[in-house]
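Hi,

Here is the structure for your salt-bridge work. My notes follow below.

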Amino acid sequence: MHKRALLACLLVVALLLSGCSLVKKDLEVDAKTPILTVGEKVFTKAEVQSAVNSYLAQMQSYYSQYYGQSIDITNAEIIAEAQNTVLDSLTEQTVIENKAKELGLDTLSEEAQKEVDDLWTSYYDMIKSYLYSDSELSEEELDAAVTADVTNYFGITKESLTATKVQELLRAETVKDVTTTEDEIKAKFDSRVEEAKTNYANSLSAYGSAVNGGSTVYYRPAGYRMVKQILTKFTDNDKALMDDLSSKISSLNSNISTLRNTLSQDGVEDVDALLENVTVTLTEEVKEAAETDLPATEEAAAETEETAEATATDLAATATDLPVEEEPAVTSAPEYTAETTDTLAEDLDDAVKANVRALKEAQAKLDAYTAMQTEAKAKAYANIDARADEILAEIANGADWDTLMAEKTEDPGMKSGKTAETGYAVCENMSGFDSAFVNAAMALEKVGDTSGKIASDLYGYYIIKYVGDVEEGPVALEDVHDTVQADVQKENEDATYNKAVEDWVAATKVTKDLKSLND
């Protein structure tokens, strides 16, 4: 009886082991199931599924990075969409490869191969210098590591670069006879004029942003003028201090607003009345000075003293040649510690008390930083007054504006490029520019007028010249002809190539087995 039971158990184990073996074998066979056939090329289930998984992972990363959204890559509809996209992509790529081979374009010329090799080398050397400058790997190990990281960081291989070059050559061959007519260019120009006119009607500042940013424009709206400026910037130290103060003030204002809202939500009706019961004492935090190295022995101390005396004597003899030591520049606002005392009612909620104290402390710091900001601004302007006044004096004495601007302005946009030639386009209430600059520029009465020193909390002093008006209406077609022609030519070439690819796919026998892919 026991032997029969043992035999039965052994048979069950044998069947289980046999079943495991069969499952493993089925999985291997299943992975090789043909899912997509394009002409004579077959893509297996494993290959297609791998491509689909990669595509889904890229989708998930893309939505997270650019939209801050999470997508469910296990959702059946999303998976089905990914599968169709991947199958279409594999089909198109295979057809393109076959057509390139048919036309003999799959074998690169020496020149084309050099382009691929040079491009690969640029990626390779970049990764090698950044990640492996101190590597102790063998030459073979280093090459493998760098090659892998080029793919990891840039998503390319040397083979993929070669495939891209082959596709470029195929596209060039396919569109070599494509042309563009003047009627097409005129139609595209007219459509862009109307598009720009509508855009600027909705957002007048968009024109200034386009012109000042160097973009091609097709229409000029009313209300714009061109101005140039000579900028005298704050010193780096003064700018750093003011930026730091502005940051601290902004943070405190935000904190104060939050605390007031919290107290209001807690049912406090008269916050200011409670604040009168709190006193704040601010103390500027003092950074610990570094310890001075002391001589280790009496002999060393004596030697140090003698050296110091000798040095003092030498310095005294040459004192007249030494520069006067200036106080270190202040580039950041101090930090404060705060102590509070109060006469708040004992039965007042503890959380409310804590927030009232915190609010009073924040207001005290805000007052301190605001006063410091006023003083810092005054000092910052005083430090650049002489330079700005000198420029105004040269203008008054008849100096050539453009020559003076090239020499004196600290605005990069007025030193080189198109804006240095034409100036900035500005209009009333223009966004994207400092309001102090825009208001002063629009206040100038006639072309040729020059402003005085215009104070800007952001940069320093502007000195602005009104150099011309912007005439409303479309730009001349000849001024943008080459740009429009190039765009229309590319559109025509894209349409021709895309139609050709569609025709090649339609002429190729393609089979798909989505059922097996999803089994």
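How many salt bridges does the count come to by this rule: a side-chain nitrogen of Lys or Arg within 4 Å of a carboxyl oxygen of Asp or Glu? The count comes to 31.

First, the ground rules. This is a predicted model: local features need pLDDT of at least 70, side-chain atom pairs count only at pLDDT 80 or more, and totals for chains, interfaces and linings use all residues. Residues are numbered from 1 along each chain as its sequence is written, and side-chain values use heavy atoms, with hydrogens and water left out.

Aspartate 30 bridges to lysine 45, with the closest N and O atoms 2.9 Å apart. Aspartate 30 sits in helix H1 (residues 2–31) and lysine 45 in helix H2 (residues 45–67), 15 residues apart. Helices here are DSSP runs of H or I, at least four residues, numbered from the N terminus. Lysine 45 is buried, at 8% relative accessible area. Aspartate 30 is partly exposed, at 28%. The cut-offs: buried is under 20%, exposed over 50%, partly exposed in between (1.4 Å probe, protein chains only).

Glutamate 410 pairs with arginine 387 at 2.8 Å, N to O. Glutamate 410 lies in the loop between helix H13 (401–408) and helix H14 (418–422), arginine 387 in helix H12 (residues 350–396), so the bridge ties together parts 23 residues apart in sequence.

Aspartate 503 and lysine 499 meet at 2.9 Å, N to O. Both lie in helix H16 (residues 477–506), four residues apart, about one turn of the helix.

Finally, Arg171, Lys490, Glu493 and Asp494 form a salt-bridge network.

Best wishes

Conventions
Helices (H or I, at least four residues) and strands (E, at least two) are DSSP runs, numbered from the N terminus.
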